[in-house]
Amino acid sequence: TLLLVPIGVYGSFFFGTIDRNYIKGMMTDEEFAVLANRLSLATSQRMWELFIHYALPRIFSVIAIVILVYGITHRNSRMLEKQAELNLKVKREMQRTNRMQGHVIDALATLIETRDIGTGEHVIRTKRYVRIIADKLREKPKYKDILTDEYINRIENSAPLHDIGKIAISDTILLKPGKLTDEEFEAMKTHTTKGGEMVKDIFVGLEDEQFLKTAREIALYHHEKWNGMGYPEGLKGEEIPLPARIMAVADVYDALISARSYKKQIPPEEALDIMMAESGSHFDPDIMRVVDELRAELIHTAKLPLNKVN
């Protein structure tokens, strides 16, 4: 590239712009005279002066521009590499924090569930059902732009906290083998409001406000019903946050197919039939249509060993 600069300078000085006569291979006597006059100017001294005063400064200018462009490109490349390294470090740190947060949440939820159920399997299974239902629900046009990967992950990771408020309920109520009295049931219902408060208090310093919002919605509203007859606030229809509506289905399904101190377990097929009958009353009909499509998968998952579910 640098060699072309002096060649171009000399060429344009001595020969000017090529005209159509050159292309045709024709030159008049006058044109030969002009060419001869120009060639006669090409003495060694003039060529040297032309190189020093005309071509050389331009060569240096081109070299300077090339060096400047290279320097800028190299600097930008290094900045991009450093930014990529920083982004990778931040991503790894976030993943580590999320894993740690997930382990703490699962351990806390399992500890709470052992008071009521005796094992932590309910936490693991409901978390799995929530994921299955949310993934399928996303395929519907109404929810494809709502249920992003990030949103579904938040719902799944928040699911274990749905009954966190039960830690504040007395064992005499929580572990009672028979039916609760009206007074006891009113006390039991407070696990939703207490759960919402606990989520806010426990995760008060959490920077992920969306996770906090989702976890609180699940803890507070997973016992609301589509027809407005649930608790604690009697929300109706889509007034109930979507994460809580999904959690309600997963929670009831696992409760029906699991043995409790006050009831026997029932087969998954029968549990789904019972729940389908409450579509539009207890449960969101959109979600229940998805559940009906997922019957085989939900039944299969319910029968898997715990280590296969997790």
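Colour the protein by confidence to begin: the mean is lowest in helix H2 (residues 20–24), at 44, and highest in helix H12 (residues 285–293), at 97. The confidence value is pLDDT, the predictor's own score for each residue, from 0 to 100. Helices (H or I, at least four residues) and strands (E, at least two) are runs assigned by DSSP and numbered from the N terminus.

Select residues 12–24. Here the pLDDT is below 50, and the stretch has 17 contacts in the model beyond near neighbours in sequence. A contact means heavy atoms within 4.5 Å. Where pLDDT is low, the predicted coordinates should not be read in detail.

This is a predicted model, in which local features need pLDDT of at least 70 and side-chain atom pairs count only at pLDDT 80 or more, while totals for chains, interfaces and linings use all residues. Residues are numbered from 1 along each chain as its sequence is written, and side-chain values use heavy atoms, with hydrogens and water left out.

**The whole protein**

Show everything as a cartoon. The protein has 14 helices and zero strands. Its mean pLDDT is 81, with 74% of the residues at 70 or more. Of the 310 residues, 36% count as buried. Buried means under 20% relative accessible area, exposed means over 50%, and partly exposed lies in between (1.4 Å probe, protein chains only). Take the contacts between residues at least 6 apart in sequence: 65% of these join residues at least 24 apart.

**Helix H4**

Select Pro 57, which is in helix H4 (residues 44–116). Pro 57 is partly exposed, at a relative accessible area of 34%. Apart from neighbours within four places in sequence, Pro 57 is in contact with Phe 51 and Ile 52.

Is Lys 166 buried or exposed? Lys 166 counts as buried because its relative accessibility is 11%.

**Helix H8**

Select residues 182–202, which form helix H8. The helix has 21 residues and reaches 30 Å from first C-alpha to last, close to the 30 Å expected at 1.5 Å a residue. The expected span is 1.5 Å times one less than the number of residues.

Where does H8 bend? Look at Thr 193, where the bend is about 30 degrees. This bend is the angle between axes fitted to the seven residues ending at a residue and the seven starting there.

The buried residues of H8 include Glu 184, Met 188, Lys 189, His 191 and Thr 192. Among the elements that cover the buried residues are helix H7 (171–174) and helix H9 (209–221).

Stay in H8 and centre on Thr 192. Thr 192 is buried, with a relative accessible area of 0%. Leaving out neighbours within four places in sequence, Thr 192 touches Ala 219, Leu 220, His 222, His 223, Tyr 231 and Pro 232.

**The loop between H9 and H10**

Two of those contacts make further stops. Pro 232 is in the loop between H9 and H10. The peptide bond from Tyr 231 to Pro 232 is cis, with omega near 15 degrees. Most residues other than glycine have a negative phi, and most peptide bonds are trans.

End at His 222, in the loop between H9 and helix H10 (242–257). His 222 counts as buried, since its relative accessibility is 2%. Which side chain joins that of His 222 in a polar contact of 3.1 Å? The partner is Asp 163. A polar contact is a pair of N or O atoms within 3.5 Å; within protein, one must be able to donate a hydrogen and the other to accept it, and residues adjacent in sequence count only if both atoms are side-chain atoms. A polar atom of the His 222 side chain also lies 2.8 Å from the backbone oxygen of Ile 218. Beyond neighbours within four places in sequence, the contacts of His 222 include His 162, His 191, Thr 192, Met 247 and Asp 251.
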